[in-house]
Amino acid sequence: MAQPSALVHFSGHQHLRNRLVLSILSGKHVRIDKIRSEDKNPGLRDYEISLLRLLEKVTNGTVIEISVTGTTILLKPGIVSGGTLQHDCTLSRGIGYFLEPVIMLAPFAKKPLNITLKGITTEEHDLSADILRTVTLPHLQLFGVSEGLELRIKRRGAAPGGGGEVQFLCPIVKQVKTLNFVEPGKVKRIRGVAHAVRVNPQFSNRMIEASRSILNRYIPDIYLYSDVYKGDESGKSPGYALTLLAETTTSAIYCSEAIAEPGVAPEDIGLKATRALLTEVEKGGCVDQKHQTFILLMMVLGSEDVGRCRMGEPTPKTIQFLRDVREFFATSFKIVSADLSDPDCFQLLYSCYGTGYINANRTLA
Amino acid sequence: MDERPHKAHRAPQSGGKINKKGKEKQQGYNEKAFAPMSGRRADRQGRRNVERDQTRLHVPLVNRTPDDDPPPVIIAIVGPSGVGKTTLLKSLVRRYAKQTLNEAKGPITVVSGKKRRLTFIECNNDINSMIDIGKIADLVLLMVDGSFGFEMETFEFLNILQSHGFPKVIGILTHLDLIKKASTLKDTKKALKKRFWTEIYQGAKLFYLSGVLNGRYPDTEIANLTRFVSVIKFRPLVFRNTHPYLLADRLEDLTPREEVRTSKGKCDRVVTVYGYVRGTNLRLGTKVHIPGVGDLEMKSVTVLGDPCPLPTAESEKRRKLSEKKKLLIHAPMSDVGGVMYDKDAVWVNVPGSFTRGNADVLQGAGEQMVMDLQDVNQTLEDRVAQSSIRLFGSSSKALTVEAAIDEEDEEAELDEEDFDSGLGSEEGSDDEDEEMDEDIPRHADNTGRTNRRTVTRSLPSSIKERTEVEYAESDSDLGEDETEQRTGGRVRVGGEEEEDIPSDEDIDEEEEVEDIPRWKANLADRAQQLAAGTRKRRMDWIKLIYNTDLSPEEILHGKTTEEKSTDDGDDFFQIKSKHAEDPEVLDCTKEPVDAESLKKWEAEEMLDAIRHLFITGADDEAGDGDGDGGEAEDGENDAEDENEDAEDEGDVDSGKKMKGHVSRTDALARKKEILKRKFDEQYDDPDGPKADFYDEKKEEIAQQLATNRAEFEGVDAEARALVEGFRPGQYVRIELHDVPCEMIEHFDPTYPIVVGGLLPAEERFGYVQVRIKRHRWYNRILKTNDPLIFSLGWRRFQSIPIYSLDDHSIRMRMLKYTPEHMHCYATFYGPVAIPNTGFCAFNSLDASTPGFRVSATGVVLDIDRSAKIVKKIKLTGVPYKIFKNTAFIKDMFSTALEVAKFEGANVRTVSGIRGQVKKALPKPDGSFRATFEDKILKSDIVFLRAWYSIQPRKFYNPVTSLLLSEKSAWKGMRLTGQVRRDEGVKTPLNVNSTYKKIERAPRRFNPLIVPKKLQAQLPYGSKPKLMAPQRQETYLQKRAVVMEPEERKAVALMQQIRALRKDQVARRHEKKGEKRAERAKKMEKVDAAKSEKEKERKKDAMRMAGQKSKREADMEEGGGRPKRRKT
């Protein structure tokens, strides 16, 4: 009776999150096999299982079949339902790992999403809660998702103990706006959050001092906050980190982050974050590297108009993402140098014709 | 008033008036003539104008159809049979294309003006066709038989239109010549117009066509109609503006004949459909739905030359369309010029006798074709072997044909397609090629039509398929080649100046050969420069990403395809690329920060080098000159910093200083200009015409459309198709695989084939919740769980809805039947549609259904994977032991487990005593303890009101009408009642459900006994005042009465009088009864006479009707008009 929906097939454990998100958004079934099949410890990792569970919670009618060995999964996506949810993330990955796909799905849910995630808020591999709050969410606002969009960091939790908690609130939209963002502008302000939990609170001030020593030469509009969480709100493990972001006149945002490493002074962490920020600023573009895929996805989902965005060179992840998008949405990007007259120009202009994706899950009246 | 006569007027002999005489009429608008007489009137008039202006405003909608080269407008001719649709179609085609069609079938495209093409399609009387046509028609010519009036189909069609977005409708009244009397004609016109206006809108256009002359309508009337058609404007309809679609004007079966033969025609077919893309851009990789067939996958889409092109600006310098262009007509399913395209054959209709070599007689296109075919006296292979193909016009040596004949041949074809006229030597073999390859557009240069030539069956169709494949392959080859060279270029560039990057590939190649030594020499330098992070590269990212199978890392880190290919080719054992398979690589967003790369920031000059990226820094030498607001603000700052910056830059690159200086003055001038403009805007015209919301939105839409156009202006067609799909207005050929063979076997050109593109969401299945209302003209109510046929989105399908109503926003409560005059909800399983899509529903699509067939209309509200509908269920039980407020209840549940599930649930007795389920009891299974607010009676029945959730049945049955040999005879799932009727099965009768006489024993109530002790304690007011009835006789009862004689007489008299009166009344009554009987008898007689008369009348009427139907049947047999369904 029900015709089998199109099945998209992938191999390997990489890019799992994007593929799952694309599958859920496009409604195409996806089969991913050879997940670490050659490894001593084959199959899905605990955090991937946790992610699948999270996606099952966020959606209604999703069927996930995992093979006995865990090396193959088949996802038959349902609809994104949203609502009030709670999820305990595994401590092997940060909250960012779980929250990123949720942020991509949330605007297309049936009900506004209110999800509480517990786990590690700042981690080495994944976007920290600070970056998600100060950078990712403003990027979502570019697409017309703004009212009621919020990320509350209720508790901080550093690795390995975790104990952090964030609450993500996201409204729903009918359709995301078409992006036309080609002017990178110039950096007009720099903001930052330095936090230190279960360590000497002076650490954050030391990081800020170090960072200011470099940044003060550029612009006067620099505010680096020292964010202190005490007692129960500070999680289970000690840790500290500095998150920096630079905003341009056209409100493009570059960000960087450095987190505590054993045997490194807080000053060095501050310097590392600052230098990473300068690297991002130097690379330029309208969107920093970490958010390329996110922006590209939203551009694909825009109305049937041409969306344009100027960005740096694609990361490997972005390249794979572009290929995956073509599998799922049959849409390709036009990628040309942002400045054809300038041969040194590293920046590229990504333009695509939106698919006219409408939030079909939304209830009418 | 005095009565003196007025002085006669003397015309002026000189002066102003006389001088003015020359220009009698004032040109232009005379203000005075329309000036209001009074202030109040002026006010009213002003208000009216404003209101009228408001009615003109509509929500701004984006029109996705491009203005230049739009697809032809689809004009559907709809009406009941025998109303004159074909005649009108022929007349219109004759008017536009000067051609007479014998068999006008399928879509017919003609050029109607310099900017407009029209596709005419006649809609037959089948409701399936009407639904499909209603979804795609831009303009409907709704034909009504004026001599007969509106028919049911007309109204059904209008309702279908309404639920799928209303296209423009022009009414056409025909057969008006059958009404002889002028006054009747006038009245009929008026009445029909009034009805038409109520259906469409007040003032809708209605045309009158009088009679038929020479098998056509009068030319003047048709000319009038076409004038209206040519000026009509279209408002974009939401559904069509979000979906790509095309109306197939040609269909072809590409299945290998052998396969068809071996499977006896039952194998799935490969089918190509042709048509203009409409709506939005059509993308390869999405699914399409053909209503009546099903969802299909597009295997390939190719743009073909326009078979009916609009005149270009060069060809048409005149204002009017030239007569030549008027002759263009594209109607592959009809018999234009004596050629008819069938599903797998081409028929050439030759009038009279056909002899070869009769050159003086003018030959039609078909005859020419046949003669060309007859002329061929060599096989294809020989031809190819003989032909000499040069890749370029300038090539000196022709390619030799050896083993790879096929490839070369195809390449040649490709070339021809790409650069039409680029071939010199090809001309000779042109004719054959064209017959062979249908994809090459051929424009007949001056006369007749420019139809596409179909490939004939004798050719192996696989050639074409291979062409497609080769095309794709060669494309990717091209990409790889290019990347190779490009990357090579990149490597080399390190040692050279940047300007030397040659864009031309030929030069590239040459240079590479001689450059290699230099390339080696500079190796060290290059490495250094690379390390310094000044890699210069200009890669074709699109090709690298989409057309190669390099891994992302390889693309980024510059592994060339060359290496890869050698790997693939030479080594039998391959080393797995470690990177991609590494299980420890995490799926992380943050790229690990390379500590080494951060070291560069330790140098001061590096820190200073990026100063220009901050607002406090100067404009950099790159001079992006965006001139945005932020920069303008900090203009002063910039000026300050400029000097020192200039020095810095000077150190770095003295050569650029001059250039930089010039550009800086330029930038300053530009900045000043912007500031000035801003100032002007603010101060010159502060209260100028402010753009209101409406204008703003329109402006926004126009701007976005302009961006869309500009973005892909210079991009080549192929890349464009990749990025944006196939634009509306392009004539495409879509190859579909796995098409049911019945579609081809039972193909009928009179039934439209619509190819509708599906959005990603629409391919899925789920529960669709809709707001539905039974149509007021449908004379039965709809029942839950009865199958209903929906026309939703592109699809037509049967599903089983459950009706429900929102119960206090708490629950969705199931309804057994749709409410009488109200909307309700319905939930059914089926392919989902985007919320806010309209639909209409039918109980039966059968033409023989009496009455109105559209049974409901509505709109989609929600889609989900589960449905939350509940129905009420009452569980009953009886008490078997009653304590004070506690009772043991049995017969409600059957196990303790069930009780456990309902612990704490509210129960109620019939008498209204409320209670609660407490706990299961061990003894009789399923019994439980319950407490009540009062003591209940043994005779009380205890209810538990619960809600049982129900899911709609997962039933989806597409209406596959196009797959049937008899298209209108589709049979869906029948109703239970229909099945029973057809099978002759009686309705099963549950004995418990029958109504029986209820025997109610009179209830006995025990007396209320207040215990003595309690009574004693009660205050007097509360003491029961009920006393036992008196047992002894009272005095009045037991006394003896002795009357006086007079008294006794009086009493006796009274008794007698009463007796008399009684008797009198009785007699009167009897008499009245007699009279009544008499009257009844009389009335019976009268009634009998009356009914006799009635019978006679009915008999007469039936006889008349019978005669009429017989006449009609006779006419039908003789090709006359079939039976009508009168409204």
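Author: Helix α3 (residues 95-105) of chain A is mostly covered, with 11 of its 11 residues buried. The model is predicted, so local features need pLDDT of at least 70 and side-chain atom pairs pLDDT 80 or more, while totals for chains, interfaces and linings use all residues, and side-chain values rest on heavy atoms, without hydrogens or water. Residues are numbered from 1 along each chain as its sequence is written, with chains lettered from A and ligands numbered from 1 in the order written.

Reader: Which residues of α3(A) are buried?

Author: Among them are I95(A), F98(A), E100(A), P101(A) and L105(A). Buried means under 20% relative accessible area, exposed over 50% and partly exposed in between (1.4 Å probe, protein chains only). The helix itself is a DSSP run (H or I, at least four residues; strands are E, at least two), numbered from the N terminus.

Reader: What makes the contact of R45(A) with D39(A) a salt bridge?

Author: Their side chains meet at 3.3 Å, N to O. The rule asks for a side-chain nitrogen of Lys or Arg within 4 Å of a carboxyl oxygen of Asp or Glu, so the pair qualifies.

Reader: Are R45(A) and D39(A) buried or exposed?

Author: R45(A) has a relative accessible area of 15%, so it is buried. D39(A), at 19%, therefore counts as buried too.

Reader: How do you know where D253(B) and R257(B) belong on that scale?

Author: D253(B) is at 1% relative accessibility and so counts as buried, whereas R257(B), at 34%, counts as partly exposed. Their side chains form a salt bridge, 3.1 Å from N to O.

Reader: Why are D1063(B) and R1067(B) said to be separated by about one helical turn?

Author: Because they are four residues apart in helix α33 of chain B. D1063(B), at 39% relative accessibility, counts as partly exposed, and R1067(B), at 51%, as exposed.

Reader: How many salt bridges are there over all chains?

Author: The count comes to 51. Some are joined up: R189(A), R191(A), D221(A) and E247(A) are linked in a network of salt bridges.

Reader: Why are α4(A) and α7(A) called roughly parallel?

Author: The axes of α4 (residues 129-141) and α7 (residues 292-300) of chain A come within 11 Å and cross at roughly 15°. Axes are lines fitted to C-alpha atoms, for helices over the stretch in contact, with angles from 0 to 180 degrees between N-to-C directions. Angles under 35 degrees count as roughly parallel (over 145 roughly antiparallel, 65 to 115 roughly perpendicular, the rest oblique). The two helices are therefore roughly parallel to each other.

Reader: What is the angle between α7(A) and α8(A)?

Author: The axes of α7(A) and helix α8 (residues 316-329) of chain A cross at roughly 20° and come within 10 Å. So α7(A) is roughly parallel to α8(A).

Reader: What makes H15(A) and D69(B) worth a look?

Author: Most residues other than glycine have a negative phi, and most peptide bonds are trans. H15(A) has a positive phi of about 60°; it sits in the loop between β1 (7-11) and α1 (16-26) of chain A and, at 14% relative accessibility, counts as buried. D69(B) also has a positive phi, near 60°, in the loop between α2 (39-56) and β1 (73-78) of chain B. At 42% relative accessibility, D69(B) counts as partly exposed.

Reader: Which peptide bond is cis?

Author: The bond from A159(A) to P160(A) is cis, with omega near 0°. P160(A) lies in the loop between β9 (150-155) and β10 (164-170) of chain A.
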